[in-house]
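Please consult the sequence and structure shown below.

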Amino acid sequence: MTGAVNIPLLQRLRNAQGAFVPVAELGAGKTLDALRTDLAELERFGFVLESHPYRGVAYRGPAARLCPDQIEHELGTRRVGRRIAVWNRVVSTNDLAAHAAASTANEGLVILAEEQTAGRGRRGRQWVAPASSSLLMSVLLFPSEHLAEAGWLTALGAVAVAEVVAAWTGLDARIKWPNDVRIAGQKIAGILVERGDGAVIGIGLNANITRADFPTELHDTATSLRILTGETVDRSELARALIRRIDDWYDRGWSLGPDALNPAWRDRSEHLGQLVQVTTPSGSHMGRLIDLDLRRGLTLAESDQNGRTRQFSVRDVLTLTPCQDGPGPNSQIVTP
Ligand code: BTN
């Protein structure tokens, strides 16, 4: 058992960016004993600290497990993250979020887990990640009718993840239709939207997975923040950043309407301007993707129609495959 984690103390140490902070500065308004108890509590939780007899205390690294208090601290969101639940081991975070949809009071609930025993990907596939290596997160929403389309919610999750990944790495994060976030063609995250009483946006984001952790068949097609930056990611800070981005886009959707997401979604698309093959229930079409719009759909300049354009609604598109690259494996997926 651990007691409450003193988050202001933690943030004071983190903000010093590895420098020692004198005990006198840390303990302002506290007895030395109370400060020692708080520091011991941080270490017991798993935060890595270094103490020096004269120089004070320095922050050396995040806890290996997610810290709910750290995630919630000054989160400042309007709709998403009003309640955050962190689990050790669950079947699927999407299941827990769907269960909570029995009450609309749970709008904005965020479920996080260290490990899933049967994490799901799209099309009945499995989502596999070693314990405490990733962000496994589900957000429960009760969107207005205009925002309730699975395509819009998937785009919301993908844009939010892409923005966080880009900010974290300084690299160009792109959305591969419809639900993958990739860096230089390697998948770093997947989104799974499931709808029932409410809508659940499930996100699997590879944070601290090493190359060796991936099955051999994913070595060339998957990546993680740790692989890209060479540094261990503080997953609690990552969760905070992602919850904030999701909240921001969701709130803009409510106040400005679904079109507000369009520019960011279009700009992050991996396919815009590419020659692609689109499969719909009525058949397969090849052409250059000249526009993407969540309401109007995809606009193709068809190769065999002298560049005549054709529109496909987002809902009708079953697959979208770049013609130059070929389909290739694109998921952190084990086929059952
Ligand atoms: C995909 O790429 O096919 C989507 C993968 C989505 C995985 C996440 S992990 C958290 C949430 N819970 C699940 O069971 N799935 C999603």
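In which cavity does the ligand sit? The ligand sits in the largest cavity, where sitting requires more than half of the ligand's atoms to lie within 2 Å of the cavity's grid points. The model is predicted, so that local features need pLDDT of at least 70 and side-chain atom pairs pLDDT 80 or more, whereas totals for chains, interfaces and linings use all residues. Residues are numbered from 1 along each chain as its sequence is written, and side-chain values use heavy atoms, leaving out hydrogens and water.

**Ligand surroundings**
- The ligand is surrounded by 22 residues (a heavy atom within 4 Å), the closest being Ser-92, Gln-116, Arg-120, Arg-122 and Lys-187.
- A polar backbone atom of Arg-120 is 2.7 Å from an oxygen atom of the ligand.
- Of the 420 Å² of accessible area that the ligand has on its own, the protein covers 99% (Shrake-Rupley method, 1.4 Å probe).
- The shell comprises six nonpolar, 12 polar and four charged residues, with Gly counted as polar.
- At least two shell residues each come from α5 (93–100), β6 (134–141), β9 (186–195) and β10 (199–206), elements defined as DSSP runs (helices H or I, at least four residues; strands E, at least two).
- The largest share of the shell, four residues, belongs to β9.

**Cavities**
- A cavity is a set of points, on a 1 Å grid over the protein atoms alone, where a 1.4 Å probe fits but cannot get out; lining residues have an atom within 4 Å of a point.
- Three cavities of 30 Å³ or more are counted.
- The largest cavity has a volume of about 170 Å³, and its lining of 21 residues includes Arg-120, Trp-127, Leu-192, Gly-202 and Gly-204 nearest the centre.
- β9 gives the most to this lining, with four residues.
- The second largest cavity holds about 40 Å³ of space, and its lining has five nonpolar, two polar and no charged residues.

**Largest pocket**
- A pocket is an open set of points with protein on both sides within 12 Å along at least five of seven lines; the largest pocket contains about 640 Å³ of space.
- Its lining has 27 residues, among which Glu-149, Ala-150, Gly-151, Trp-152 and Val-314 are the closest to its centre.
- α6 (150–169) and β9 each give two or more residues to this lining, and α6 gives the most, with five.

Terms used:
Polar contact = N/O pair within 3.5 Å; in protein donor to acceptor, adjacent residues only side chain to side chain. Points joined across faces, edges and corners; volume = space filled by probe spheres on them.
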